[in-house]
Amino acid sequence: QVQLVESGGGLVQAGGSLRLSCAASGRTFSSDTMGWFRQAPGKERESVALNSWSGAHIYYADSVKGRVTISRDNAKNTVSLQMNSLKPEDTAVYYCAAGSPTRHSSWPPRDYDMDYWGKGTLVTVSA
């Protein structure tokens, strides 16, 4: 059974940092795009950061560029998101996702291009 399990969410003050981690199991994702999406209350899910299987292509949403860093360890089947200088507008449920690049309609892939999803971890940034 394929599983993506996120960890590291929580409550943090504005300006603080969090590191999200995603552990994948059930199959290897070394050939897949892995990354993070988020959904804030009342808003659509949006991409945050994505890392292609080789690491050659990395995408950051404009809203987080310069404040977050995505990294992956294919040997460990993990992907992480280091988030710094957090803002209240970063408050959301953060989802780990993985998907085959053969299914991507474009780069960066949209959420409907991703095949596997975690259940999410809540990040709350207080003002």
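H104 sits in the loop between β9 and β10 (116–117). The model is predicted.

Me: Why is H104 called buried?
Reply: H104 has a relative accessible area of 16%. Buried means under 20%, so the value of 16% places H104 in that class.

Me: What makes the pairing of the H104 and T33 side chains a polar contact?
Reply: The two side chains are joined at 2.8 Å. The cut-off is a pair of N or O atoms within 3.5 Å, one able to donate a hydrogen and the other to accept it. The 2.8 Å of H104 and T33 lies within that limit.

Me: Which residues does H104 touch, not counting residues up to four places away in sequence?
Reply: H104 touches T33, G99, P109, D113 and M114. To count as a contact, heavy atoms must be within 4.5 Å.

Me: How do you know that C22 and C96 form a disulfide?
Reply: Their S to S distance is 2.1 Å. The definition asks for cysteine sulfur atoms within 2.5 Å, so the pair qualifies. The structure holds 1 disulfide. This pair links distant parts of the chain, with C22 in strand β3 (residues 18–25) and C96 in strand β9 (residues 92–99), 74 residues apart.

Me: What is the handedness of the link of C22 and C96?
Reply: The link is left-handed, with -75° about the S-S bond.

Me: Are C22 and C96 buried or exposed?
Reply: C22 has a relative accessible area of 2%, and C96 has 0%. Buried means under 20%. Therefore C22 is buried, and C96 is buried.

How values were computed: Residues are numbered from 1 along each chain as its sequence is written. This is a predicted model: local features need pLDDT of at least 70, side-chain atom pairs count only at pLDDT 80 or more; totals for chains, interfaces and linings use all residues. Side-chain values use heavy atoms; hydrogens and water are left out. Helices (H or I, at least four residues) and strands (E, at least two) are DSSP runs, numbered from the N terminus. Buried means under 20% relative accessible area, exposed over 50%, partly exposed in between (1.4 Å probe, protein chains only).
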